[in-house]
Amino acid sequence: MEPKNHQQSYDRPIEIADKIFWVGFHEKLSNLHCNPYLMVEGDHAVVIDAGSRPDFAVVMMKILQTGIAPEQILALIYHHVDPDLCGSLSNMVDICNNPELIVLSEPNNNMFISYYIEQEKRALLRSIDDHGLVFNFGERTLRFFKTPYAHNAGSFVTYDTRTKTLFSSDLFGSLSRQWELFVELEDACYVCEDYDRCIKRKKYCPLPDIFEFHKKVMPSEKALRHAMDVIKKLDIEMIAPQHGSIFNKKKDIDFIIKKLGSLQGVGIDAF
Ligand SMILES: [Fe+2]
Ligand SMILES: [Fe+2]
């Protein structure tokens, strides 16, 4: 499970798929790496799960490094309501200064997301339901799929139909003790019976941290299983989560969906 070495370039935005940029940073002190993404289409851009308030400066610097100016940002998508992705919302709205800007989320989320911004700016909030669960953005079509209670009532995921990238927010996330932007499993991982004792004798296996994260963050086996039932119907080339690492190997993607769909001891089910 040797990760690809992007270490040298973590100081810069990384294009993970056609015009989709990782605009996060390598957080050495915490195991909770946050991964905001920027999607560019022509002269416009969309930001996905922009990040916390303390992360705002570095995320915005990364966005600028892609060549996109804040006024070119058309939409801010927030998959759920936590401060690690919504904390900088007010800063983002202020700096974007674009009369067309919208903040897009699910109605159950918007009830809480509205508290991140001043009252007079709450009109920017839009519901994915009112958009028919689709956002057309230049030649690009983003489709939204609801994954209720995984882990907020209003949680959903975003699927880019062109690159077949799934932006999964906390789903597929990890409290990575060792982190690389991309993760790749080996065939041996698919049949491994004890992820704490790697049959290949690798020093670090990313799977226990991924399972632990889901057990901690997701409320129940049912919620996680339902989310995987929704996601497994999609033709996915890449999973880009808000924490942990990106999966871009089809076999790994199928494996991890199946594994999380049958994970036991999730949330309240552990008690
Ligand atoms: Fe969360
Ligand atoms: Fe999160």
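The model I am reading is a predicted one.

Next I looked up the strands behind that bridge. β4 covers residues 44-48 and β5 covers residues 73-77. I noted that the two pair in the parallel sense, over four bridges. As a reminder to myself, strands of a sheet pair through backbone hydrogen bonds, either parallel or antiparallel.

Then I stepped back to the whole sheet. I found seven strands in an open sheet, ordered β1-β2-β3-β4-β5-β6-β7, with mixed pairing. β1 (14-17) and β7 (125-127) stand at the edges; each has a single partner strand, so one side of each is left without a neighbour in the sheet.

On to the helices. Which residues of helix α6 (residues 207-217) are buried? I found D209, I210, F213 and H214. They sit on the same side of α6, because they cover an arc of only 135° around the axis. Among what covers these buried residues I found α7 and α8 (250-261).

My last stop was V230, which lies in helix α7 (residues 221-231). Buried needs 20 or more other C-beta atoms within 10 Å and exposed 12 or fewer; V230 has 17, so I wrote it down as partly exposed. Leaving aside neighbours within four places in sequence, I found V230 in contact with F145 and T147. I also checked V230 against K250, 20 residues apart along the chain: their C-alpha atoms are separated by 17 Å.

Technical notes:
Residues are numbered from 1 along each chain as its sequence is written. Chains are lettered from A and ligands numbered from 1 in the order in which they are written. This is a predicted model: local features need pLDDT of at least 70, side-chain atom pairs count only at pLDDT 80 or more; totals for chains, interfaces and linings use all residues. Two residues are in contact if their C-beta atoms, placed from the backbone, lie within 7 Å. The arc is that of the directions from the helix axis to the C-beta atoms. Two strands pair if DSSP finds at least two bridges between them.
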